[in-house]
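This report describes selected parts of one protein model. Please consult the sequence and the structure while reading.

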Amino acid sequence: MCGIAGILSDSIDLRNEKECIDKISSSLRMRGPDAKGEYILPDAALIHRRLAVIDVERGAQPMRFGKYTIVYNGELYNTAEVRRELEGHGYKFDTDCDTEVVLKAFHMWHERSAQKFNGIFAYGVYDEEERKLFLCRDRIGVKPLYYAQVGDTFAFASRIESLLYVKGVEPVCSREGLCEIFMLGPAKTIGKTVFKQIKELPPAAYMYYKDGKTIVQKYWELTAQPFSETGTEAQEHTHALVSDAIRRQLVSDVPLCTFLSGGLDSSIISKVASDYYREGGKTLSTYSVDYVDNDKFFEASRFQPNKDSDYIDLIADYIGSDHHNVVLDNTSVAQALIKATEARTCPGFTDVDSSLLLFCKEVKKDYTVCLSGECADEIFGGYPWYHRKEILFEDTFPWARSTAARRGIMRDGFLPEGEDYVLQAYRDTLKDVSKLDSDTALEKRMREMFVLNMNWFMQTLLVRKDVMSMESSLEVRVPFCDWRIVEYAYNMPWSIKAYNGREKGILRKAFENDLPEVITWRKKSPYPKTFNPVYLNEVCKMVEGVLTDSTSPLCEMIDGQKVRAIMREPESMTEPWYGQLMRTPQVLAYVLQIYVWAKKYNVEFEY
């Protein structure tokens, strides 16, 4: 994985913009600490920071071929197949890296090349003769890509912060951005950011930019198709697709490990990876995360019925991995909220972010690549809201059904349009859901839930995983985001997907012979969070500092008395802010992150 950026301008000679280019490159350093490269023309500059994973010696970027120059961030998992097809057309290759394959595929097929790729990627290709830029992003949106246009200057980058170094791009947050933060956050609308001038290239989309004009097109989307397999055939097909995706993603020229939580998804990945390693006479390393004294303070709930730590040793012993348990200090998790905010360049997923940031920092000490189990829940129906009838058909986002918790910290009258903004975002998502006329009401709703979860909840987790891991220069791959699995699961009937009435039932059944029964049929538990009061106390101290800063723009947005009331009585907040993990400690941490973000980037707010 890498960090990429570029600037095109008709009015600025970019050869004279060394300071700007250096700042952009430095802002991407953690995404690519191994090497840096630049290709600078009077009207175009391409910037690359490399985290070397494949063909470490020869994969330098920017890479040129003919009139094209590429900066690429990602991994292709079907590199060999695409390379062979290109060789059949007469292309020759000087490296083993996928960058050269992507570049020559674009030379051959132009924008149609994206449809041939199975991987996670974001890249830009500059056509020097036509002075035209092509940008592209993977189907699921695992790798980020942002852009901004000010007059005749256009810029793109892997990080939002990088674009703030471009002349004319200002840290302005409009009312729309405030709605994104306060009414939807940490989720966000695809294509948008919290900054007025900065946009996101959507997943499964490409863009052409030339002469001040942009054209954005989708090259893939979920399409409803009839499903003809039996339940048994679906189990076999699911096993084959998931196993193939995992094995493809084990290719690396640098050390690789897996995250292992003791849950179904990470256990499947670690089992397949362990078997693969054993075939080569190697032992897989696995990593888990926990918090100091979490056993003492753990509280079971409907959403988190048991602790991961009760299962991790069992599955690690079963697959024979070399297991490492990282135990995080609660004060450090709180303090890392600041670094996590700066890494995102916006308020984020609070300690769900900061803990992952610290966890990845520890893993990076010995490994460069890791596989993780994100996104199986969205794809195979793992969350409670798929299975609770009183939630399933509600006309709202199921992970944030009420705005009560959000209004519970805001000043009266602030963002009166907020609820309408949320409802419109929800309904706009449903407009694009592909269905069959033969679908039952339940099947239609499950397709809607699939798209809602993929476009919103899953995107939140993918941004978290990419940003927090790359901040430690750790590449994390997510096998369940293989587009073949996503497409297949979208068209699987709910009666098969929810085998035996269980969340992720088809996935459990498909791998029941590969794992211990207690792991296969364990009740789902989300990413581990801290229950230690030390964390809450530390966050409260930091938030008190926020509330006493009379110069902060948050004074006009957040009601200090309401926030202090929550700090005094944490149990008073009964409605979740977002999903299963954001309760009182996380809501207070979110207040802190908004403050840190506004101060760090000197954000100007438009009301």
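Leu256 stands opposite Val369 in strand E17. The model is predicted, so that local features need pLDDT of at least 70 and side-chain atom pairs count only at pLDDT 80 or more, while totals for chains, interfaces and linings use all residues. Residues are numbered from 1 along each chain as its sequence is written, and side-chain values use heavy atoms, leaving out hydrogens and water.

Strand E14 covers residues 256-259, and three bridges join E14 to E17 (residues 369-371) in a parallel arrangement. Strands are DSSP runs of at least two residues and helices (H or I) of at least four, numbered from the N terminus; two strands pair if DSSP finds at least two bridges between them. E14 is also joined to strand E15 (residues 285-291) by two bridges, and these strands run parallel. Here Thr258 stands opposite Thr286.

## Side chains and crossover

From E14, Leu256 and Thr258 point one way, Cys257 and Phe259 the other way, and all are buried. Buried means under 20% relative accessible area, exposed over 50%, and partly exposed in between (1.4 Å probe, protein chains only).

E14, helix H7 (residues 264-279) and E15 form a right-handed β-α-β unit. Right-handed means that, with the strands pointing away from the viewer, the path from the first strand over the helix to the second runs clockwise.

## Thr153

Thr153 belongs to strand E9 (residues 153-157). Thr153 is buried, its relative accessible area being 8%. The C-alpha atoms of Thr153 and Phe134 are separated by 15 Å.
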